[in-house]
Amino acid sequence: MSVSVDTTSVEPSGNASARVLRPHAEDAFADELAALAAQDERPRPARWNLSPWAVATYLLGGVLPDGTVISPKYVGPRRIVEVAVSTLATDRALLLLGVPGTAKTWVSEHLAAAVSGDSTLLVQGTAGTPEEAIRYGWNYAQLLANGPSRDALVPSPVMRAMAEGATVRVEELTRIPADVQDTLITILSEKTLPIPELGQEVQAVRGFSLIATANDRDRGVNELSSALRRRFNTVVLPLPASVEAEVDIVARRVDQIGRSLDLPAAPDGIDEIRRVVTVFRELRAGITSDGRTKVKSPSGTLSTAEAISVVTGGLALAAHFGDGVLRAGDVAAGILGAVVRDPAADRVVWQEYLEAVVRERAGWTDFYRACREVSA
């Protein structure tokens with residue numbers, strides 16, 4: 001039986017990102033990267049698409065001499081980005097550390113896109129990540145037919161990055177089993193990957209760098225050995241310093257996601273975004289923003305990423321089942337789902353917060369009623 005593939009609906013490569021749900025950073029921001037490369041006259045490390053200054057500008061945003069506006073990808077202290085970029089310009093690996101939702105993955109993707117023009121060399125860390133995901137695997141059909149050979153070897157993203165002088169990302173490093181983590185030690189210290197089955201090795205060429213992300217808040221964390229930790233320069237990404245900074249981050253990402261999903265912009269949605277962010281920050285901190293009332297914290301992290309998810313879900317509700325205006329009722333259910341992870345303990349925390357804080361807050365009556373309705 002033959003199988004035919006209809007290619008009439010396949011977009012040309014230049015328009016491919018218009019159809020995918022989430023384009024890679026190098027595709028979504030191709031125009032900005034091209035503008036930076038065209039006007040970047042500063043020295044570039046070997047095999048870097050941009051200079052360190054241009055990489056930092058790409059992440060933090062700015063205006064180029066010709067008037068091109070570079071949108072900020074990360075809202076936070078400039079020095080953190082500068083340290084991260086300068087680390088990649090050395091022979092040290094970079095570890096982005098922080099609590100869940102502090103944009104570690106987002107930053108790592110954009111760093112790889114700006115430095116190498118390719119953010120797809122990725123190892124996703126889980127409890128089941130095997131050693132082959134970091135070193136190499138085998139095509140067992142060729143291995144059984146012809147024995148060990150380079151043709152039978154399946155390179156990992158790390159091996160490919162070493163050979164090509166590119167940037168590889170290892171996400172959620174602390175979720176990978178400790179013995180698998182330690183396969184990185186030789187790679188990061190000696191810049192070589194032995195292949196004992198062939199009596200060969202792969203040596204990293206100039207331009208190779210590795211970015212890992214990790215947090216120590218989630219369950220299933222495997223602490224890094226001291227030997228492996230020494231191979232990294234660690235940069236801690238903090239939570240947004242203020243309500244306004246976090247509101248700005250959430251608003252920007254919701255706008256980007258909304259446009260990719262063809263959701264209409266929500267008029268006056270910033271008020272509901274500020275409410276969601278305020279609730280999350282107060283429950284995270286265990287105290288209200290005015291410092292007068294202590295509250296209990298739920299078991300979840302209530303990260304900025306979760307706030308973005310809540311508002312995006314609310315925007316979809318407003319667009320498809322409302323009048324297009326983002327209101328309290330559109331975000332209430334999302335907040336409940338984010339806060340109440342433990343049905344017993346977290347529900348008590350949420351009810352106490354509603355009655356002691358939200359109910360008494362001026363101008364929040366509609367929000368209180370919407371949350372009470374979905375919590376009943």
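Reader: To begin, which residues in α12 meet which residues in α15?
Author: This is a predicted model, in which local features need pLDDT of at least 70 and side-chain atom pairs count only at pLDDT 80 or more, while totals for chains, interfaces and linings use all residues. Residues are numbered from 1 along each chain as its sequence is written, and side-chain values use heavy atoms, with hydrogens and water left out. On the α12 side the residues are T278, V279, E282 and L283, and they meet V349, W350, Y353 and V357 of α15. Contact means heavy atoms within 4.5 Å.

Reader: What classes of residue make up the contact of α12 with α15?
Author: The contact has six nonpolar residues, one polar and one charged. Ala, Val, Leu, Ile, Met, Phe, Trp, Tyr, Cys and Pro count as nonpolar, Asp, Glu, Lys and Arg as charged, and the others, Gly among them, as polar.

Reader: At what angle do the axes of α12 and α15 cross?
Author: They cross at roughly 115 degrees, and the axes of α12 (residues 269–285) and α15 (residues 345–358) come within 12 Å. Axes are lines fitted to C-alpha atoms, for helices over the stretch in contact, and angles run from 0 to 180 degrees between N-to-C directions. The two helices are therefore roughly perpendicular to each other. Angles under 35 degrees count as roughly parallel, over 145 as roughly antiparallel, 65 to 115 as roughly perpendicular and the rest as oblique.

Reader: Is the crossing of α12 and α15 left-handed or right-handed?
Author: It is right-handed. A crossing is left-handed if the near helix is turned anticlockwise from the far one by less than a right angle, and right-handed if clockwise.

Reader: Moving on, how do α14 and α16 pack?
Author: Helix α14 (residues 328–339) packs against helix α16 (residues 365–375) at an angle of about 50 degrees, with the axes 8 Å apart. The pair is therefore oblique. From α14 the contact takes A328, G329, V331, A332, A333, I335 and L336, and from α16 it takes D366, F367, A370, C371, V374 and S375. By class these are 10 nonpolar, two polar and one charged.

Reader: And where does α13 come within 8 Å of α14, in terms of axes and angle?
Author: The axes of α13 (residues 304–321) and α14 come within 8 Å and cross at roughly 145 degrees. This crossing is right-handed. V310, G314, L317 and A318 of α13 make the contact with D330, V331, G334, I335 and A338 of α14. V331 and I335 also belong to the contact of α14 with α16.

Reader: How many helices and strands has the protein?
Author: There are 16 helices and 11 strands. Helices (H or I, at least four residues) and strands (E, at least two) are DSSP runs, numbered from the N terminus.

Reader: What share of the residues counts as buried?
Author: Of the 376 residues, 45% do. Buried means under 20% relative accessible area, exposed over 50%, and partly exposed in between (1.4 Å probe, protein chains only).

Reader: Where is S108, and what does S108 touch?
Author: S108 is in helix α5 and counts as buried because its relative accessibility is 0%. Leaving out residues up to four places away in sequence, S108 touches L96, R169, E171, I211 and T213.

Reader: And V202, buried or exposed?
Author: V202 is buried, at a relative accessible area of 7%, and sits in strand β9 (residues 200–203). Beyond four places in sequence, its contacts include R150, M159, M162 and A163.

Reader: Which residue other than glycine has a phi near 60 degrees?
Author: D262 has that positive value. D262 lies in the loop between α11 (243–260) and α12, and counts as exposed because its relative accessibility is 70%. A103 is not a glycine either and has a positive phi of about 70 degrees; its place is the loop between β3 (93–97) and α5 (104–116).

Reader: Lastly, what pLDDT does the protein average?
Author: The average is 91, and 93% of the residues score at least 70; pLDDT is the predictor's confidence in each residue, from 0 to 100. Over residues 1–14 pLDDT stays under 50, and the model has three contacts beyond four places in sequence for them.
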